Amino acid sequence: MILSKRTTRRSFLKLSLKSIIALSAFSWMPGTSAASSADALFIRQIVTGDSRTSRTIMWESMEENPAQYVEYHLKGSLYTMTAHASYGPFEDDSTLLFTHIASMEHLKAATVYEYRITDGTHATEWYPLRTDNGSAFKMLIFPDSQCSDGYITFRDLAQGAWQRNPDASIFVNMGDLVDNGEQYAQWRDWFNALGGIKEQIIFAPLMGNHATYNLQWKLRLPVAWLNYFAVPENNVPGWGRYFYSFDYGDVHFIMLNNLMEELDPLKPGLLDVEIPWLKKDFASSNKKWKIVMMHKDIINDPYDDFSTPGRIFMPLFDELRPDVVFDAHQHTYRRLGRFKNFRRDDSGPLYIDTGVAGNVRYDVPINKDFDEAYLPQPEIDNYLVLEASSSKLDIKCFQPDGSLADHTFLVK
C-alpha cells in the first residue's frame, strides 16, 4: 500500500484499524513451540550498558507467577546458574500481562551461554546468549516497522535479514515499532514477527513518536514502550528509559530522544535534561567510534530545509563529533552525507535516514541538495547492516530480497 504525503498516519490507521485487528488474530508466531509449557511470552534479550559482562532478559506471562526466573549455563556445561526476576502487572488496552525482568551480571566476555525461563517445574527451550568480545561485530538496523497487515511485512523483512546474517550479534529498531503505542494487538504481532531473533541476540530499541499515541490518536506518555524495554539507566531523575547509551565492541552508541513535540505537552523539559546528559555521556566515553541514533530526521518534509530536531541537535553534533548519525521517521532511505554548520562538509558527521521496514509508506520527494544516495520511489522496504571493527565502520543498505541498495564506509 502506497500512501500519499497528504494521507496522515492517523487517518491511515483509522481507515485500516479493523483490518489490523483481523489480520493480527492470525499472525504467524515464529520461534514459539507447542512443547514449551512455561507461560513466558515475548522473550527478549535487552541491551545493557556493557554487553561483555551483563544482559537483561525480559518476558511477559498471562498469569501471575512470581516463581519464574532465568536459568543459564556455559554452553556445554552441566553447571547451572540462576538469575532471579522482578515482576509486576501491566495493563494496557484492556489486556493484563505480568512483565518479568531478570538481570544477568558478572558474565564472561566473548563467551557463549544458554538460557531458559523456568519456574522450577515448567521451562521454555534453551536459547543462545553470546557476550560481546570487545572487537568486531555485526549489527542489523531496522527502520520504522509500523504495519497495517499484522506485521507480516516486517516479519518477512526481519526474518530474511536474520537468515542472511546469522552472525549478527545485536539489532536495532529505529522507532515507531508499532503504529499505535496503546494497541496490544500491534505489540503482540511486532514481538511475534521477531520470533527466533529477539531471543537469540541483543535488542537495542529506540523510541518513536507513535509510541506516544493512545487508541483515540491523542497524545499520551509512552507507557507501553517504557514497560516493554528495560534499557540501561541514564541516571536522570524522572527520565529513566527515555534515552540511554551503551557500548558494543569498539563503538559507543547514544540512543537519543528527539520527540519534544509529543512529550513536552505531557512531560516538559526533555531537552533541559537530555542535552547536559548528552555532553557528559560523550565526554565519559573513550571508545574509538561514536554513533548517534535518534528517531526524527534532520530534514523537514518535503526535504527543503533542516527540521527542528536538526536545528537543535546538529550544532551539538558539530561540537561533539559523532562519526555517524542515524535517524528515521520519513520512511525513505537517504544517505544524506556529511554536514557541519548546516553545510556539506567532509569534517562533519555522516547522516543517514534509515528508511522503512513496515508497509506504511509515504511519497517523499527526492532532493539532491540533501541526498547523496537514495532508494527508488515510491519507497521500498529496506534494512541496514553495520559491521564495525577497530579501524572501519561498514554500512550497507539492503532491499527485502537481500540485494544491495547502498554501501558506504568510514575508516579511522
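Trainee: Quick one to start: is Pro89 buried or exposed?

Mentor: Pro89 is exposed, at a relative accessible area of 59%. Exposed is over 50% relative accessible area, buried is under 20%, and partly exposed is in between, using a 1.4 Å probe and protein chains only. Before we go on: this is a predicted model, where local features need pLDDT of at least 70, side-chain atom pairs count only at pLDDT 80 or more, and totals for chains, interfaces and linings use all residues. Residues are numbered from 1 along each chain as its sequence is written, and side-chain values use heavy atoms, with hydrogens and water left out.

Trainee: Okay. Where is Pro89, and what is it in contact with?

Mentor: Pro89 is in strand S4. Strands here are DSSP runs of E with at least two residues, helices are runs of H or I with at least four, and both are numbered from the N terminus. Setting aside neighbours within four places in sequence, Pro89 is in contact with Leu96, Leu97 and Phe98; contact means heavy atoms within 4.5 Å. Pro89 and Glu63 are 26 residues apart in sequence, with 9.6 Å from C-alpha to C-alpha.

Trainee: Which residues line the largest one?

Mentor: Phe90, Asp92, Thr95, Leu97, Glu182, Tyr184, Trp187, Ala224 and Tyr228. By type, that lining divides into 6 nonpolar, 1 polar and 2 charged. Nonpolar covers Ala, Val, Leu, Ile, Met, Phe, Trp, Tyr, Cys and Pro, charged covers Asp, Glu, Lys and Arg, and the others, Gly among them, count as polar.

Trainee: And which elements each supply at least two of the lining residues?

Mentor: Strand S4 (81-92), strand S5 (95-104), helix H3 (184-193) and helix H4 (223-228).

Trainee: Why is H3 described as largely enclosed?

Mentor: Because 9 of its 10 residues are buried, H3 is largely enclosed by the rest of the structure. The buried ones include Tyr184 and Trp187, both also in the cavity lining. Trp190 is another buried residue of H3, and Trp190 is among those with the most contacts inside the largest nonpolar core.

Trainee: Tell me about that core. How many residues does it have?

Mentor: It has 102 residues, and Phe142, Phe229 and Met293 join Trp190 as those with the most contacts inside it. A nonpolar core is a set of buried Ala, Val, Leu, Ile, Met, Phe, Trp, Tyr and Cys residues joined through side-chain atoms within 4.5 Å. A second, separate core of 16 residues includes Val70, Ala102, Met104 and Leu107.

Trainee: What does Phe142 touch?

Mentor: Leaving out residues up to four places away in sequence, its partners include Phe154, Leu157, Phe171, Leu194, Ala357 and Tyr383.

Trainee: Which residues does Pro205 contact?

Mentor: Beyond four places in sequence, Pro205 is in contact with Asn173, Trp225, Phe229, Val231, Tyr244 and Met255. Pro205 is in strand S10 (residues 202-205) and counts as buried at 0% relative accessibility. Its C-alpha is 8.3 Å from that of Ile46, 159 residues apart along the chain.

Trainee: Last one: is Lys296 buried or exposed?

Mentor: Lys296 is buried, at 8% relative accessibility. Lys296 is in the loop between strand S13 (289-293) and helix H7 (308-320), and among the residues it touches are Glu261, Glu262, Asp327 and His329.

Conventions
On a 1 Å grid over the protein atoms alone, a cavity is a set of points where a 1.4 Å probe fits but cannot get out, and a pocket is an open set with protein on both sides within 12 Å along at least five of seven lines; lining residues have an atom within 4 Å of a point.
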